[in-house]
Amino acid sequence: MAAPHDPLTPRPGSSRRSALGLLLAGPLVAGCSSMQSGWNSITSNLPWQDSPPPGPSGPPQQPSSVGSGQVKVGLILPLSGQGNAGVAAQSMKNAAEMALAEFQNPNIQLLVKDDAGTPQGAQQGAQQALDEGAEIILGPLFAQSVPPAAQLTRAKNVPVIAFSTDSSVAGRGVYLLSFLPESDVNRIIDYAAGTGKRSFAALLPDNAYGGVVEAAFKQAVGRRGGRIVAFEKYGADRTGPARNVAQALGSADALFMADDGDSLAAAADSLVTSGANLKRVQLLGTGLWDSPRVFNSASLQGGLYAAPDPSGFRSFAGRYSNKYGQQPVRTATLAYDAVALVAALARTQGGQRFSSDVLLNSSGFAGIDGLFRFRNDGTNERGLAVMKVASGGGQAVAGSPKSFAT
């Protein structure tokens, strides 16, 4: 790793870790409620995050900007979107402004565009930002809004850092700074394999999320030289799939399950009803496990799951609450880290600040939720902790990595 280059420092009097420091060709170090709905709120909202509720398809609201720096950065969010979309967008906008406020003289001007949660709005917002001189675009939030915006930015060779969880929209100048299920799966399978687990069973929901984690699970097990002894997916009726997995658990030393709190607990109960002894197999899961319903389930005690170290979000949420008088949505950290990243690159990387070579730095960056780096295909890899289910909440059994293995 190269020597430090012009590290950024917090504003005087700030007690947080959150001012980004940049290492040339190395990591950025960023700041890092109670967890409340916590990590579960990230992925349990996948349906609305990548398929927003119906709403108006009119033009974006009147343009607004935050900051007075020379480097112009577009920020596209569904501020007038309906329901959860608008709530999340406002919280993310607040977090973006907070990132600017916590820096010392950032040379950034945010060009805020409201896409109303529609592809048409995202394209209009991107066009406006480009016309106003944006060098990089942050957002959109929804998967269906990313390609229309990217169609314009690619023609101008302007990169996009989007917040969608749909990996299919990444690539060719579009990078995803989001919580991708693939990172959860890779981390927990790698950890399990590192502790000697070789035979895996899986019981997954038959939905879009289940399809994503299925592909990642099969690839991760194969990469670590493991074998899959049972694999089932369930819909509304879990009885048959649970029975099939329960019968095969005698030859498995780990069981992978990925669903939200209530559904996960119900699936575990179905396994027990089918005769499975879940105490004799290591339960494995994703960040969706970070849920009071899971922690209160007797069947799931001792299970392991991958998620960001919660301390970073707690620190951020405390500062956010002090500033805005309410708790942030869990995805607000994405907007904070995106703005912090571009502010640091604008200060330290000169004319190449948003080039692919800089954004694809293999050492990655450190944000509120730990290490992250962009892959060549535009997806990301995150350095996650391994947590254990306990009645009082998640307990860390393996911390977040301090660096990425090359």
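**Labels and the values behind them**

Guide: The accessible surface of the chain comes to about 15600 Å², and carbon and sulfur atoms account for 46% of that. Keep in mind that this is a predicted model. The chain holds 13 helices and 18 strands, and 57% of its 406 residues count as buried.

Visitor: Why does Ser 178 count as buried?

Guide: Buried means under 20% relative accessible area. Ser 178 has 0% relative accessibility, so Ser 178 counts as buried. You'll find Ser 178 in the loop between β8 and α6. Leaving out residues up to four places away in sequence, Ser 178 touches Phe 163, Ser 164, Thr 165, Leu 334, Asn 380 and Arg 382.

Visitor: What makes β9 and β10 a pair of strands?

Guide: Two strands pair if there are at least two bridges between them. Strand β9 (residues 199-205) and strand β10 (residues 227-234) are joined by 7 bridges, so they pair. They run parallel, and Ala 201 stands opposite Ala 230 in β10. Together with helix α7 (residues 208-223), β9 and β10 make a right-handed β-α-β unit.

Visitor: How do you know that β9 and β11 pair too?

Guide: By that cut-off of at least two bridges. β9 and strand β11 (residues 254-257) have 4 bridges, so they pair, in the parallel sense. For Phe 200, the bridge partner in β11 is Ala 254.

Visitor: Why are β10 and β18 said to stand at the edges?

Guide: Look at the open sheet of 7 strands, with the order β10-β9-β11-β12-β13-β17-β18 and mixed pairing. β10 and β18 each have a single partner strand, so one side of each is left without a neighbour in the sheet. On average, neighbouring strands of this sheet are turned by 30 degrees against each other, direction ignored. Helix α8 (residues 239-248) packs on the sheet and touches β9, β10 and β11.

Visitor: And why are α11 and α12 called roughly perpendicular?

Guide: Angles from 65 to 115 degrees count as roughly perpendicular. The axes of helix α11 (residues 310-324) and helix α12 (residues 332-348) cross at roughly 90 degrees, so α11 and α12 are roughly perpendicular to each other. Those axes come within 11 Å. Phe 313, Phe 316 and Arg 319 of α11 make the contact with Ala 332, Thr 333 and Tyr 336 of α12.

Methods
Residues are numbered from 1 along each chain as its sequence is written. This is a predicted model: local features need pLDDT of at least 70, side-chain atom pairs count only at pLDDT 80 or more; totals for chains, interfaces and linings use all residues. Side-chain values use heavy atoms; hydrogens and water are left out. Helices (H or I, at least four residues) and strands (E, at least two) are DSSP runs, numbered from the N terminus. Buried means under 20% relative accessible area, exposed over 50%, partly exposed in between (1.4 Å probe, protein chains only). Accessible areas come from the Shrake-Rupley method with a 1.4 Å probe; for residues, only the protein chains shown count as cover. A crossover is right-handed if, with the strands pointing away from the viewer, the path from the first strand over the helix to the second runs clockwise. Axes are lines fitted to C-alpha atoms, for helices over the stretch in contact, and angles run from 0 to 180 degrees between N-to-C directions. Contact means heavy atoms within 4.5 Å. Angles under 35 degrees count as roughly parallel, over 145 as roughly antiparallel, 65 to 115 as roughly perpendicular and the rest as oblique.
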